[in-house]
Amino acid sequence: MFAFILVRKALRAVTSVEQVLQALNTAQEMTLAIKDEPYPYAVTVNYAPVVRDDELYLLFHGAKAGRKFTLLKRDPNCAFTITLRTNTLIYPDCRSTNHFASICGEGEVLFVEGEEALDVLADMMAFYKAPIEREALKEKMRPKLAATQAFALKVSALAMKVNGEALATDDGHMHPATAELTPKE
């Protein structure tokens, strides 16, 4: 499995693999930071988390052309960030804070081809609860593989941080934090 990156404010760190996996299932987008010159290239993509052979992968897809594709071919190592929720609070005495939950990490992007690419795309659709049977879905996607690249970001290390007492749920509302997603004390 991935290694945990140490964070400066250790009280905000979530260091349970189970809690991280649970949190990854609550978001849908991540931003990739890919090496380019003179600046890194940041791009937001939809993802689906999967664990295979005790390794965490964040699955995503894109065109078999373009800047993301070209840069990842050149150097598949990248960083990523996932914002689970954020809420800035400003107090009458001009103090402020940000209540948030986020995951930042790094890993290597693998280019997935053929039948395995169909499995990646089907896994993504299952994560997003597509109302179609897996094998039928793969057959519908098969003709699109000529132009669609499936990727699997193999996560080598990450840090999850939580600050504040509320977490957003998939309904978009703020709710009290559950024991499963609060930082360790």
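In the predicted model, D53 is exposed, with a relative accessible area of 77%. The residue is placed in the loop between β5 (48-52) and β6, and its phi is near 50°, a positive value in a residue other than glycine. D53 also takes part in lining the second largest pocket, together with R52, Y57, L59, L110, V112, E116, D119, V120 and A152. The volume of this pocket is about 160 Å³. Two or more lining residues come from each of β6, β8 and α3 (114-127), and the greatest contribution is that of α3, with 3 residues.

A positive phi is also found at K129, where the angle is near 60° in a residue other than glycine. K129 is located in the loop between α3 and α4 (134-141). Its relative accessibility is 68%, and the residue therefore counts as exposed, the cut-off being over 50%. A further backbone feature is the peptide bond from E37 to P38, which is cis, with omega near 0°. P38 belongs to the loop between β3 and β4. Most residues other than glycine have a negative phi, and most peptide bonds are trans.

At the level of the whole chain, the protein contains 4 helices and 11 strands. Buried residues make up 39% of the 185 residues. The accessible surface comes to about 10,500 Å², and carbon and sulfur atoms account for 54% of that area. Among contacts with a sequence separation of 6 or more, 68% are between residues 24 or more positions apart.

The largest nonpolar core comprises 32 residues, of which M30, L32, L58, F80, I82 and I103 touch the most other members. At least two residues of this core are supplied by each of α1 (17-24), β3 (29-34), β4 (41-46), β6 (55-63), α2 (67-74), β7 (77-90), β8 (96-112) and β9. The largest share is provided by β9, with 6 residues. The surroundings of M30 illustrate the packing: beyond its neighbours within four places in sequence, M30 is in contact with V43, T44, V45, Y47, L58, F60, F80, T81, I82 and L153. Another core, of 17 residues, lies apart from the largest one and includes M124, L137, L145 and A152. In soluble globular proteins, nonpolar side chains tend to be buried together.

Strand β9 (residues 148-163) also contains N163. With a relative accessibility of 14%, N163 counts as buried, because the value falls under 20%. The side chain of N163 reaches the backbone oxygen of N98 at 2.8 Å. When residues up to four places away in sequence are not counted, N163 touches R12, R85, T97, N98, H99 and F100.

R12, one of the residues touched by N163, lies in the loop between β1 (3-4) and β2 (13-14). At 23% relative accessibility, R12 counts as partly exposed. R12 and M160 are separated by 148 residues in sequence, whereas their C-alpha atoms are 8.1 Å apart in space.

Note on methods:
Residues are numbered from 1 along each chain as its sequence is written. This is a predicted model: local features need pLDDT of at least 70, side-chain atom pairs count only at pLDDT 80 or more; totals for chains, interfaces and linings use all residues. Side-chain values use heavy atoms; hydrogens and water are left out. Buried means under 20% relative accessible area, exposed over 50%, partly exposed in between (1.4 Å probe, protein chains only). A polar contact is a pair of N or O atoms within 3.5 Å; within protein, one must be able to donate a hydrogen and the other to accept it, and residues adjacent in sequence count only if both atoms are side-chain atoms. Contact means heavy atoms within 4.5 Å. A nonpolar core is a set of buried Ala, Val, Leu, Ile, Met, Phe, Trp, Tyr and Cys residues joined through side-chain atoms within 4.5 Å. Accessible areas come from the Shrake-Rupley method with a 1.4 Å probe; for residues, only the protein chains shown count as cover. On a 1 Å grid over the protein atoms alone, a cavity is a set of points where a 1.4 Å probe fits but cannot get out, and a pocket is an open set with protein on both sides within 12 Å along at least five of seven lines; lining residues have an atom within 4 Å of a point. Grid points are joined across faces, edges and corners, and a volume is the space filled by probe spheres set on the points.
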